[in-house]
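Here is a short briefing on one protein structure. Take a look at the model, then work through the points below.

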Amino acid sequence: MDSREIGTFEMLWDCPRCGTKGLLGKSNRQCPNCGGAQDPTARYFPPEGQEKTAVNHTFDGADKVCPACLTPNGAKSNNCRNCGARLEGASAVVTREAVMAGGGTSPIRPQQALVTDSKPAGCLRWKPSSRSCLLGLLIFGLLLAAVLYLGRKKESTATVLDHRWSRVINIERLTPRNDSEWCANMPSDAYDVHRKREARTREVADGQDCTKRNIDNGDGTFRQVEDCKSRYRTESYTDDRCYYSVNRWSETRALSSSGAGTSPLPAWPQMTLKTGSCAGCEREKNRKDIYITTIKVGKEQYPCEVPEKVWQSLSDGSTTTVKIWAIDGKPDCGSLGRRP
């Protein structure tokens, strides 16, 4: 997506006192017919093609709303140009985007003044009632208590009943594979290659689709930006397709060993491989080992997968510590055998 700024233009507003329409948002702070104050929340964008350029425009920031007469003033103003009131602590106007997001376009009257603070221009905040705050805090406290209760664990004693283990080695073999690809992308180690002309398609640039959007500057003007996205069309053509054979590694078998008890110690399965880079040659892909200890907590038995070191440290018939989840009464196998 490419964007370019077209220019800065004046927003419009309609005088609610005398009904004059299409007044300029930057040039006409008050209605030239009746002197009525401009309502900054009622500014709107002009129809496309009827934009009027903001001459010699310098952006100083969003307007300040006079707390006495509600007239919008430039961001650098110290006193209201309409009534002369001090603008210290005056709130910034609400932009068109904020008005639309809030779903309201009615003017801000003195008795409806929004709660503002010294944060960046346009900042508004909601001041909840004490009852709402208390209810929210109560619900949050109950949820937090439930999470803490269900997530807690208590220490218990477990009896070790038995041990089991398994070890697996996965083996790959270099085997011939038939495949096809456009010849320009064919792998360099391909052999028994056969070429064939075939149809294919490609995406070709075919101009741009552009849309305009307006951004309220908050000072009676707006920036107009054009966003353009490249458009493509599908084009058909013929190209060389190559059919070939290639040797690739693929998993073909697994060697495994398993047992019960800790003696003798777990061992990896014996393997004999034909090594090298020839067709039919083999290599080790990966290894995986699993160690299971069955424990008894109270009257219930649970299989626990643990690291080999922990598995070997526990002997059949011995007792050890384990933490139990409050939510379901099951053991946390990761805590098995740990010392405080």
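At 77% relative accessibility, N56 counts as exposed; exposed means over 50% relative accessible area, buried means under 20%, and partly exposed lies in between (1.4 Å probe, protein chains only). This is a predicted model, in which local features need pLDDT of at least 70, side-chain atom pairs count only at pLDDT 80 or more, and totals for chains, interfaces and linings use all residues. Residues are numbered from 1 along each chain as its sequence is written, and side-chain values use heavy atoms, with hydrogens and water left out.

- N56 has a phi near 50°, a positive value in a residue other than glycine.
- N56 sits in the loop between β3 (23–24) and β4 (64–65). Helices (H or I, at least four residues) and strands (E, at least two) are DSSP runs, numbered from the N terminus.
- D192 also has a positive phi, near 50°, and is not a glycine.
- D192 belongs to strand β7 (residues 191–216). Is D192 buried or exposed? D192 counts as exposed, because its relative accessibility is 52%.
- The peptide bond from S263 to P264 is cis, and its omega is near 0°. P264 is found in the loop between β8 and β9.
- Why point these out? Most residues other than glycine have a negative phi, and most peptide bonds are trans.

**The largest nonpolar core**

- A nonpolar core is a set of buried Ala, Val, Leu, Ile, Met, Phe, Trp, Tyr and Cys residues joined through side-chain atoms within 4.5 Å.
- The largest such core has 14 residues, and I295, V297, V322 and L336 touch the most other members.
- Contact means heavy atoms within 4.5 Å.

**The β9–β10 hairpin**

- β9 and β10 run antiparallel, joined by six bridges. Two strands pair if DSSP finds at least two bridges between them.
- The two strands form a hairpin with two residues between them. G298, in the turn, has a positive phi of about 70°.
- I295 stands opposite Y302 in β10.
- T294 is also found in strand β9. T294 is buried, because its relative accessible area is 9%.
- The side chain of T294 makes a polar contact with the side chain of D162, at 2.8 Å. A polar contact is a pair of N or O atoms within 3.5 Å; within protein, one must be able to donate a hydrogen and the other to accept it, and residues adjacent in sequence count only if both atoms are side-chain atoms.
- Leaving out residues up to four places away in sequence, T294 touches several others, among them T159, V160, Q301 and P303.

**Aromatic rings**

- Rings of Phe, Tyr and Trp (its six-membered ring) pair if their centres lie within 6.5 Å; planes under 30 degrees apart count as stacked, over 60 as edge-to-face and the rest as tilted.
- How many aromatic pairs does this rule give? The count is three.
- F9 and F222 form a tilted pair, 5.7 Å centre to centre with 35° between the planes.
- This pair links distant parts of the chain: F9 is in strand β1 (residues 2–10) and F222 in strand β8 (residues 221–260), 213 residues apart.
- Both F9 and F222 are buried.
- Y291 and W311 form a tilted pair too, 5.4 Å centre to centre with 50° between the planes.
- Y291 lies in strand β9 and W311 in helix α3 (residues 308–313), so the pair ties together parts 20 residues apart in sequence.
- Y291 is buried, with a relative accessible area of 3%. W311 is buried as well, at 0% relative accessibility.
- Ring pairs link F9, F45 and F222 into a cluster.

**Charges over rings**

- A charge sits over a ring if NZ of Lys or CZ of Arg is within 6 Å of the ring centre and within 35 degrees of the ring normal.
- The charged end of R202 sits over the ring of Y237, 4.0 Å from its centre.
- R241 lies over the face of W182, at 4.8 Å from the ring centre.
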